Amino acid sequence: MPKSFTVLDLLDLDLKDHNALNLTCKAGRKGLSKVITQPDINRPGLALSGFFDDFNPNRPQLFGNGETAYLRKLSEHSSWESIEEIFGRGIPCCIFTNSYLPEERFLHLAETHQVPVLLSDLNSSDFTVRIIRTLADVFAPQRTIHGVFVEVSGVGVLLLGDSGVGKSEAALELIERGHRLVCDDAVDIRCVSGNTLLGKPVNPTLGHHLEVRGIGIINVAQLFGVAAIQFQKEIEMIIELETWDQNKEYERLGTKDQSAAILGVSLPSMKIPVKPGRNIAILIETAVMNHRLKKMGFHSAQEFNQNVIQWLESENARTVYLRKTQENQFL
Amino acid sequence: MVEKDVTVKNRAGIHARPAGMIVTLANKFTSQIFIEKEDDKINAKSIMGLITLGVLCNTTIKLSAVGVDEVAAVEALAKLIDNRFEE
């Protein structure tokens, strides 16, 4: 979660197509620095009618068709007490859907209380779905991790390891082999809906660059084309690269699955030791394919082990049988 | 672990050249070295991370190091930043 998310930040969000909120500010610009503290909105229908029990002033207030119709009623009778009360409670902003521009008096009150009035051309239900999704994203637990994030055969793989171990070089070779780079070095990770990790560049404009020792900083999108990059991806597995240590035991069978947790979400993980002559990109590709097989229900190492056990059992039975027949012959 | 707050004073902030200098210096030490700006913490040995941190002039960043030469590492980096990257 960012330190503080203001109404101005909400207006500034660069959302596209089916995520766009199409918000414009019509009044109360002085209040744009107000902070939104909750990933939710409130329909102020009850508050407008004067009922303030359990009113939640920390949320943006959404005025849909019902609320605006009631506002018109209030303005006919020029009773503005409940509206003043709503403004006085310190709400972050009012949002009107269907591009409904409220009465002059309402805008004037918003101006005096420094509450931003925002308009959107969407209808209330579409707007609600989009803003809830947007705010959930903004308020999702977030972490920046040092690593390289690539998409290998459609699987998001986070490469971790000490600086200089060869993460960027492995990524470069993966790109060369037709896979995609999401970001290098600093990965912004968000946990959405409690079980999914999304990774993207910390800074989208600087995202698709790689630093390779000896060459410098290269622009992957320019060098390899737009097919070599990806803007955001779900993280599905973690591969940790480390310098080969003679004294360390590495996984040989792979019958046991390892996992690691980021932001409380557990992901399959593995350690790949790096030494000259080991082609890391191919190892990563193979690990990913193996991971996909596992997800489809085929576990290579366990399957192999099962076959070995079966074969040993049948061999066992054979020798026992043979011994018996031999014994019978001598009788 | 050793920590130290330093303020970046050169006008352009940490752009590519200063980032390169920091990373080169950081790589001379065996300790793990981090740079923190507000909530973001990155590895000081990685140039892209450092650049994407977006450190402007007059921003205070926190240097931290863990390892055998942690004291020397933080001192050396703080000195480099204090000297405005020899600009």
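Helices (H or I, at least four residues) and strands (E, at least two) are DSSP runs, numbered from the N terminus, and axes are lines fitted to C-alpha atoms, for helices over the stretch in contact, with angles running from 0 to 180 degrees between N-to-C directions. The structure is a predicted model, in which local features need pLDDT of at least 70 and side-chain atom pairs count only at pLDDT 80 or more, while totals for chains, interfaces and linings use all residues. Residues are numbered from 1 along each chain as its sequence is written, and chains are lettered from A and ligands numbered from 1 in the order in which they are written.

In chain A, helix α4 (residues 81-88) packs against helix α5 (residues 104-113) at an angle of about 30°, their axes being 10 Å apart. That angle makes α4(A) roughly parallel to α5(A), a term for angles under 35 degrees, whereas 65 to 115 counts as roughly perpendicular. Contact, meaning C-beta atoms, placed from the backbone, within 7 Å, is made by A:I83, A:E84, A:F87 and A:G88 of α4(A) and by A:F106, A:L109, A:A110 and A:H113 of α5(A).

A second pair in chain A consists of helix α7 (residues 167-176) and helix α9 (residues 280-295), whose axes come within 8 Å and cross at roughly 70°. That angle makes α7(A) roughly perpendicular to α9(A), and the contact joins A:A170, A:E173 and A:L174 of α7(A) with A:I280, A:A281 and A:I284 of α9(A).

Turning to a loop, A:Q258 lies between β16 (237-243) and β17 (259-262) of chain A. Leaving aside residues up to four places away in sequence, A:Q258 touches A:S269 and A:M270.

Key. Parallel < 35°, antiparallel > 145°, perpendicular 65-115°, else oblique. Contact = placed C-beta atoms within 7 Å.
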